[in-house]
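I opened the file to take notes on surface, confidence, packing and charge pairs. My entries follow in the order of the look-ups.

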Amino acid sequence: MARRGTELFPELGAHCDEADCNQLDFLPFECDGCGGFFCAAHRTYRGHGCAKAADQGRTVVVCPDCGDAIERAAPGQAEREILDEHARPGRCDPARKRKPACPVRRCREALTFSNTIRCKGCGLEVCLRHRFPRDHACAAAALAVGQCGRDALQKKEGGRRPLAVSVRSFKIC
């Protein structure tokens, strides 16, 4: 355990437990692996070489059939064993797996092999309805063209939308 605080304030802060550091830190980090107190430079498991760091990680295995994430019960448990245990009681239902959907806002079209197009400009996979760059707000196409026609007209008009011909000829007295 690290020496605590200063002479006047013994409960304030702690010295870093790293052998080469021993810095007095007023907001020390307590390692949940080894229980030591460390400064900001040595707070990570790798930073102070924590021997119990391998025990702290929670890992999951993703089922390829249903897409569920199954947490490992023991650190050394094999992936195939976990998936077999998951499939046995009937918890694995392939119908529950989420199908990829078109990333365009408010589009609920499911992406399948037959209706998916990859945009050459931005690399996004979209449904057939949104295959053109203007339909899926393709950033790469907007940069290549400059700007779309309406934006170019607005810029020419000084930031305002262009008026219809009948309104432009109307004279205010």
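**Entry 1. Surface and burial.** I began with the accessible surface, which comes to about 13,700 Å² for the protein. Carbon and sulfur atoms hold 54% of that area. I then asked what share of the 173 residues is buried. The value is 21%. This is a predicted model, so I checked confidence next.

**Entry 2. Confidence.** The average pLDDT is 76 for the protein. I find that 75% of the residues score at least 70. Which element has the lowest mean pLDDT, and which the highest? Helix α4, residues 149–156, is lowest with a mean of 49. Strand β4, residues 37–38, is highest with a mean of 90. I also looked for a stretch where pLDDT stays under 50 and noted residues 146–150. For that stretch the model has three contacts beyond four places in sequence.

**Entry 3. Elements.** I listed five helices and eight strands. Along the sequence they run β-β-β-β-α-β-β-α-β-β-α-α-α. I also took the contacts with a separation of 6 or more and asked how many join residues 24 or more positions apart. Such pairs account for 14% of them.

**Entry 4. Nonpolar cores.** I searched for the largest nonpolar core and got seven residues. They are Val 61, Cys 63, Cys 66, Ile 70, Ile 82, Leu 83 and Cys 92. What does Val 61 touch, once neighbours within four places in sequence are set aside? Its contacts are Asp 68, Ala 69, Ile 70, Arg 72, Glu 79, Ile 82 and Leu 83. Of these contacts, Ile 70, Ile 82 and Leu 83 are also members of the core.

**Entry 5. A nonpolar patch outside.** I turned to nonpolar side chains on the surface. Leu 8, Phe 9, Leu 12, Phe 26 and Leu 27 form a patch there. Together they have about 600 Å² of accessible area. Leu 8 sits in the segment before β1, which covers 14–15. Is Leu 8 buried or exposed? Leu 8 counts as exposed because its relative accessibility is 74%, over the 50% cut-off.

Entry 6. Side chains of opposite charge can pair when their charged atoms come close. I ran the search over the whole structure and it returned three salt bridges.

Asp 84 is partly exposed at 33% relative accessibility. Arg 80 is exposed at 53%.

The next pair is Glu 109 with Arg 129, at 3.0 Å from N to O. Glu 109 lies in the loop between α2 and β7 (116–118), and Arg 129 in the loop between β8 (125–127) and α3 (139–145), so the pair ties together parts 20 residues apart in sequence. Glu 109 has a relative accessible area of 30% and is partly exposed. Arg 129 is exposed, at 57%.

My remaining pair is Arg 118 with Glu 125, at 2.6 Å from N to O. Arg 118 is exposed at 52% relative accessibility. Glu 125 is partly exposed at 37%.

**Entry 7. Positive phi.** Most residues other than glycine have a negative phi. I looked for departures and noted two residues. Asn 22 has a phi near 55°. Asn 22 lies in the loop between β1 and β2 (24–25). Its relative accessibility is 36%, so it counts as partly exposed. Arg 106 has a phi near 65°. Where does Arg 106 lie? Arg 106 is in the loop between α2 and β7. Arg 106 is exposed, with a relative accessible area of 75%.

Definitions and conventions: Residues are numbered from 1 along each chain as its sequence is written. This is a predicted model: local features need pLDDT of at least 70, side-chain atom pairs count only at pLDDT 80 or more; totals for chains, interfaces and linings use all residues. Side-chain values use heavy atoms; hydrogens and water are left out. A salt bridge is a side-chain nitrogen of Lys or Arg within 4 Å of a carboxyl oxygen of Asp or Glu. Buried means under 20% relative accessible area, exposed over 50%, partly exposed in between (1.4 Å probe, protein chains only). Helices (H or I, at least four residues) and strands (E, at least two) are DSSP runs, numbered from the N terminus. A nonpolar core is a set of buried Ala, Val, Leu, Ile, Met, Phe, Trp, Tyr and Cys residues joined through side-chain atoms within 4.5 Å. Contact means heavy atoms within 4.5 Å. Patches are made of residues with over 30% relative accessible area and no salt bridge: like charges are joined within 9 Å, nonpolar side chains (Val, Leu, Ile, Met, Phe, Trp, Tyr) within 5 Å. Accessible areas come from the Shrake-Rupley method with a 1.4 Å probe; for residues, only the protein chains shown count as cover. pLDDT is the predictor's confidence in each residue, from 0 to 100.
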